[in-house]
Amino acid sequence: MHAARQIGGPLLQVENISLSFGGVRALANISFEIREHEVLAIIGPNGAGKSSMLNVINGFYHPQEGRITYKGKTRARMRPHQAAAQGIARTFQNIALFKGMSTLDNIMTGRLLKMRQPFFMQALYLGPAKREELEHRAFCERIIDFLEIQAIRKTPVGRLPYGLQKRVELARALAAEPELLLLDEPMAGMNVEEKEDMCRFVLDVNEHFGTTIALIEHDMGVVMDISDRVVVLDYGRKLADGTPDEVRADQAVIDAYLGVSHEETASAAAE
Amino acid sequence: MFYREAGQFKTSYAADQAIFPILQDRIFVAFLLLVAFVVVPVVANEYWLSTILLPFLVFSLAAVGLNLLTGYCGQLSLGTGGFMACGAFAAYKLSTGFPELNIVVVMLASGVITALVGVLFGLPSLRIKGFYLAVATLAAQFFLLWLFNKFAWFTNYSPSGVISAPPRAVFGDFFVTGPQATPAGKYLFALTLVALLALAAKNMVRCRVGRSWMAIRDMDIAAEIIGIRPLTAKLSAFAVSSFYIGVAGAMWAFVYTGSVEALAFQIDRSFQILFMIIIGGLGSILGSFLGAAFITLLPIFLSNAPNIFGLSISVDTVSHFEFMIFGALIVFFLIVEPHGLARLWQIAKEKLRLWPFPY
Ligand SMILES: Nc1ncnc2c1ncn2[C@@H]1O[C@H](COP(=O)(O)OP(=O)(O)OP(=O)(O)O)[C@@H](O)[C@H]1O
Ligand SMILES: [Mg+2]
């Protein structure tokens with residue numbers, strides 16, 4: 001697991017994806033790739049189509065045009081649960097936890113796909129079913145330790161503060177041992193400390209498990225710090241795609257997205 | 001004795017995952033089972049066994065069934081009465097058509113048949129939710145009753161439309177249906193079935209199946225993104241729920257009343273069981289029992305209460321009271337405590353755990 005951070009070939013390729021809702025064009029002819037073991041950031045102003053892009057990747061939205069190749073296989077129209085079965089997990093911009101269940105149960109649902117015991121064994125809770133349950137519990141406990149949420153294992157998630165809910169949602173996604181992890185604004189609405197924790201977790205996941213991560217984030221500081229590459233979207237179009245430094249230097253990006261700070265730096269330099 | 005878990009450190013996940021992790025709870029449950037299986041059949045009189053405990057057990061089972069579907073999987077159903085009728089008529093056809101079948105097999109097979117019917121009527125749940133689904137299950141309720149009324153085949157062409165349970169024994173001459181069956185025998189039979197099925201339900205809800213139901217209930221989109229197939233989760237909930245309700249219906253016809261007509265399973269029955277799980281607690285197996293106990297005992301309490309206090313109130317007034325109290329309670333629980341009596345019980349236990357040191 002230590003050679004995990006060797007960035008490899010493309011894990012997922014997005015080619016000429018277009019998606020519209022009625023008259024609204026959310027994505028127009030987007031192409032980029034996500035490489036094995038990298039952290040890719042998708043940035044762009046509000047309504048740029050970032051969340052829609054993730055929704056297309058995990059089969060929640062079906063684009064009108066274009067194709068997606070995951071692990072060398074070009075996929076036809078697929079449902080989210082099929083994407084999950086292929087190793088794609090994600091979190092949501094507006095937390096999508098199971099509010100009526102405890103933290104532990106939420107994380108355990110993340111392992112549903114790994115559980116094999118037939119229904120009747122579970123109803124009887126006999127030998128193998130019990131053993132399976134306990135093995136997965138042990139796995140979830142490792143994630144709980146990793147994300148430092150031991151104290152809230154038995155708390156119903158509805159009662160947790162926002163920052164912790166985001167963390168539990170990450171835990172649930174990690175429980176599935178995904179190859180590709182999609183994070184939609186994992187740090188939105190957090191204070192600085194919580195953001196730092198979250199950055200550390202994201203990097204640790206990437207480092208220790210070799211998980212490929214695509215994340216959406218607005219905080220440019222965070223993006224520049226943790227990502228290997230950045231894709232910039234604006235009004236459904238792709239503006240740029242490259243390392244953080246390349247993107248920062250890209251004129252189209254500066255004009256459209258970083259415009260303000262560019263002018264500020266320019267005027268600051270002038271003074 | 002203090003109700004305390006202090007000092008009871010769980011040293012393994014197995015201990016922590018147990019149904020009753022706290023020692024006092026285990027003792028209490030063991031005691032309860034001992035009373036139910038040994039003391040009650042000896043001391044309870046026929047009135048208690050046949051008119052209070054048997055219906056309570058049958059209702060509990062039906063409530064557990066509905067709770068699995070509505071409380072755990074979030075699929076509102078108003079077809080409970082229809083499914084109970086389905087179980088009752090399936091049991092009748094099976095036991096008269098195949099007299100050599102053991103009564104236990106008849107009960108379980110009726111459940112399986114009802115499960116299949118339940119899956120069929122659960123299909124709309126893949127497209128519609130909430131109120132609209134409730135209406136679709138209402139169609140099941142009316143359709144099934146119409147079917148059993150319309151086609152005399154279901155009642156073996158009985159002119160009155162009433163079916164009577166043929167005498168059947170679990171083994172030897174331990175009769176649980178028909179005139180030879182004693183109230184205590186019926187009670188023990190029902191109790192055993194209900195206890196085992198409730199245990200199985202509890203196991204389901206703490207394993208993968210149960211979690212996939214709850215995930216669908218809490219947020220179906222997120223559930224699908226985790227890899228849960230809505231089709232499998234919803235239809236399995238309909239199947240298991242209908243199985244329980246079907247067995248309850250068979251038990252109603254065969255063990256509790258002994259003879260029954262389709263009218264016994266009208267829409268009121270569906271609502272009655274829905275009220276049980278609302279009052280008892282949605283998403284709680286214990287709550288299903290509490291709700292069933294409450295709704296079976298309240299009318300008896302109300303009809304006896306005036307005598308106890310030396311008042312004379314007409315039967316009509318009492319039944320009006322009953323409606324008013326139910327209505328008020330349902331509104332109360334829906335608004336204030338959707339987790340019902342089960343949640344109140346848990347709060348009481350949490351308080352007790354700290355007692356007498358509240359901080
Ligand atoms: N389900 C939908 N139905 C209709 N329009 C949609 C839907 N989802 C997204 N859109 C539209 O598509 C466009 C892109 O939305 P999207 O949520 O992908 O933006 P975003 O980049 O994630 O923005 P934000 O930073 O605000 O989260 C918006 O104009 C939005 O209104
Ligand atoms: Mg978004």
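User: Before anything else, what counts as a salt bridge here?
Analyst: A side-chain nitrogen of Lys or Arg within 4 Å of a carboxyl oxygen of Asp or Glu. Keep in mind that this is a predicted model.

User: OK. Which residues are linked in a network of salt bridges?
Analyst: Glu38(A), Arg229(A), Lys238(A) and Asp241(A) are joined in one such network.

User: How far apart are the closest N and O atoms of Glu38(A) and Arg229(A)?
Analyst: They are 2.9 Å apart, and the two residues form a salt bridge. Glu38(A) sits in the loop between strand E2 (24–35) and strand E3 (39–43), while Arg229(A) is in strand E9 (residues 229–234), so this pair ties together parts of chain A that are 191 residues apart in sequence.

User: Are those two buried or exposed?
Analyst: Glu38(A) counts as buried, at 1% relative accessibility. Arg229(A) is buried as well, at 8%.

User: And what about Arg229(A) and Asp241(A)?
Analyst: Arg229(A) also forms a salt bridge with Asp241(A), with the closest N and O atoms 3.0 Å apart. That pair links distant parts of the chain, with Arg229(A) in strand E9 and Asp241(A) in strand E10 (residues 237–242), twelve residues apart. Asp241(A) counts as partly exposed, at 31% relative accessibility.

User: How many salt bridges are there over all chains?
Analyst: The count comes to 21. One of them pairs the side chains of Glu15(A) and Arg67(A), at 3.6 Å from N to O.

User: Changing topic to ligand 1. How many residues surround it?
Analyst: There are 14, and the closest are Gly47(A), Lys50(A), Ser51(A), Ser52(A) and Gln93(A). By class, the shell has five nonpolar, seven polar and two charged residues.

User: Which element gives the most to that shell?
Analyst: H1(A) does, with three residues. Helix H1 covers 50–57 of chain A, and both H1 and E2 supply at least two residues of the shell.

User: Which side chains have polar atoms by the oxygens of ligand 1?
Analyst: Among them is Ser51(A), with a polar side-chain atom 2.7 Å from an oxygen atom of ligand 1. For Asn46(A), the distance from a polar side-chain atom to an oxygen atom of the ligand is 2.9 Å. In the side chain of His218(A), an N or O atom is 3.2 Å from an oxygen atom of ligand 1.

User: How much of the ligand does the protein cover?
Analyst: It covers 65% of the 640 Å² of accessible area that ligand 1 has on its own.

User: Last one, Ser102(A). Where is it?
Analyst: Ser102(A) is in the loop between strand E6 (88–91) and helix H3 (103–109) of chain A. Ser102(A) is buried, with a relative accessible area of 14%, which means it falls under the 20% cut-off.

User: What is Ser102(A) in contact with?
Analyst: Leaving aside neighbours within four places in sequence, Ser102(A) touches Arg153(A), Lys154(A), Thr155(A), Pro156(A) and Val157(A).

Note on methods. Residues numbered from 1 in each chain as written. Chains lettered and ligands numbered in written order. Predicted model: local features only at pLDDT ≥ 70, side-chain atom pairs only at ≥ 80, totals over all residues. Heavy atoms only, no water. Helix = DSSP H or I, 4+ residues; strand = E, 2+ residues; numbered from the N terminus. Buried < 20%, exposed > 50% of the residue type's maximum accessible area, 1.4 Å probe, protein only. Contact = heavy atoms within 4.5 Å. Near = heavy atom within 4 Å. Polar contact = N/O pair within 3.5 Å; in protein donor to acceptor, adjacent residues only side chain to side chain. Areas by Shrake-Rupley, 256 points an atom, 1.4 Å probe, with all protein chains shown as cover. Nonpolar A, V, L, I, M, F, W, Y, C, P; charged D, E, K, R; others polar.
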